[in-house]
Amino acid sequence: MTPLGRFLLATLCGLVLAGLVHVATVLAIPYLATGDAFARSRATLANDTSVLVHAAETGGPVEPAEGWLRRQDPAAAVGVCAYDLDDGPVRITAETGPLLETIALHGRNGAYYAITDQAALRGTVELVVMTKRQFDEALATADEDERNRDVRIVAPSREGFVSVRVLAGLPSQQAQANEAARSVSCTIDGPDE
Amino acid sequence: MPTETLVPPPPGRAASRRPLPRLLRRLARPRRLGTVGLVLYALGLGAVLGLASANWATRGRYPFGGVALNAWTAWPKIGSRDADPYVRAIHARTGEIPLALGEGLLLTAITDDAGRRLDPSCRYRIAGATPPARAWTLTVESSRRPKPAPRAGAAPPPRTGFTSTEVLRDRDGRFAVALSPTVQPGNWLPMPAGEGSVRLVLRLYDTPVAASTGVLEREGVPSITREDCP
C-alpha cells in the first residue's frame, strides 16, 4: 500500500472512531453529569416542602433562590423537591391559588407526568407517587368499602424529583408566586395514614 | 531515518509530486513513523474530533427535534420521556428543568419572518393572535451572560419579557410588542444591550397545543417583522 493510501486509511479509521466517541459521549453525559437538575435536587431530599430554585423576576427586588437553574422564564417561580420511593410512597400536596401552577414529575430520563392547577379539588392538588410494587400492595390491602380519592402515579424509577412552576402574570404577584412554589409539600405517605 | 526524505523520488512520480511539496512532506512522515504512528494518529483524530463534536452538539441549543412554524421553532419533545439523547445531554449539562408535555410548550425564534437573524440594533414588531393557551410569556434573551444585577439604589433592571396578563391589547384581543433598543409607545420590550445574538422565547402554559403542533399551524404564531435598522 502506498503511503498516501495508508494515511487515508488511518484518517478514515480516525473519522469512524470519532463518530463512535461522539455517540458514546452524548449518551454518557446524562449519567456522568453532576450539575443536572436530578443531581442538584438530591440536596432537597430531607426537606418536607419544595425549595425555590428560580424566583420570579417580574418587578421589585428579586428574592434569593438557589441559582443553578439558568435561562428560565422571568415570570415563573420554580420550586423543586426530590423524592426517594425506598421509604414508601410520596404524597405531594399543593395548595393552589389564583395563579397558574403546574406540577411535573421527573425521573432520570425526563418528565413522566404533569398536571396543572385546573385538576385541583377544593383548591388542593394531591398526588401519590409510588413504585409498581407499592401500587400493587395498595390495591391488595385496600378496604373495599372505602373509596380512595388519591391520584396514584406509578413512577418509572425509585428516584426522581417534583418541579413546580407558578406563573406571576403581574409584577405584584411575584411574592405570591415565589411563596406558592416554595410551599408544595412532599412527604412520605406513612402506613398509619 | 532522516535521510529517507532526501532520497530523490522515482522518475515516474516526480511530475505529480513537484506541485505538492507540503503534502509530500506530510506523507513522508507517516512512512517514517510506521504503523504505530498511523494508529496513534487515528486514535488521536478519533478522540479529538469525537469529543469536540460532542461538546459542540450539547452546548445548549437543541440540534434537532424542532417543528418550524414561520420564524418560530416549537420544541414539543424536550420535556417528554422520548426526548432524544442530545436533548438529555444538554439538560444534564445546563441543569435545565424542561417544560413537561402537560405543562406547556416552548417556542424559540432567532430570525425574523424574512429569515434574517435578529439584530440587536434593529426595531422589530412581534404581533398577531395569541396562541391557544391559558397563559403565555414572551421573553428576549441575549447570548451573553447577564451581568450581575446592581445592588440597592441603582435603577431597576430593564424588562425582559411580557406575560399574557400584562400585555396591552387592541379591541380584537390582538397584541403588538415592539422589540427595540430605544423607547417605544405601547408594549415596549427593550432589546438586550450589547452585541451578541438575540433569541425570542415564547412559552405557552397549559396549552392543548403541546399534544399536537397542528393546532399551532392553524391558529398561527405571532409574526416577527423588522421595522427599521440604523
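**Ground rules.** I am working with a predicted model, where local features need pLDDT of at least 70, side-chain atom pairs count only at pLDDT 80 or more, and totals for chains, interfaces and linings use all residues. Residues are numbered from 1 along each chain as its sequence is written, with chains lettered from A and ligands numbered from 1 in the order in which they are written.

**Chain A meets chain B.** I looked up the contacts (C-beta atoms, placed from the backbone, within 7 Å) and found 48 residues of chain A against 51 of chain B. On the chain A side, α1(A) gives the largest share, 19 residues. Helices here are DSSP runs of H or I with at least four residues, and strands are E runs of at least two.

**A helix pair.** Next I checked α1(A) against α3(B), residues 85-94: their axes (lines fitted to C-alpha atoms over the stretch in contact, with angles from 0 to 180 degrees between N-to-C directions) come within 8 Å and cross at roughly 40°. That makes the two helices oblique, the class left once under 35 degrees (roughly parallel), over 145 (roughly antiparallel) and 65 to 115 (roughly perpendicular) are set aside. I noted A:Val26, A:Leu27, A:Ile29 and A:Pro30 on α1(A), touching α3(B) residues that include B:Tyr86 and B:Arg88.

**A sheet in chain A.** I then traced an open, mixed sheet of four strands, ordered β7-β6-β3-β9. β7(A) and β9(A) are at the edges, each with a single partner strand, so each has one side without a neighbour in the sheet. Pairing takes at least two DSSP bridges; β6(A) and β7(A) run parallel and have four, with A:Val128 partnered by A:Arg152.

Definitions and conventions. Contact = placed C-beta atoms within 7 Å.
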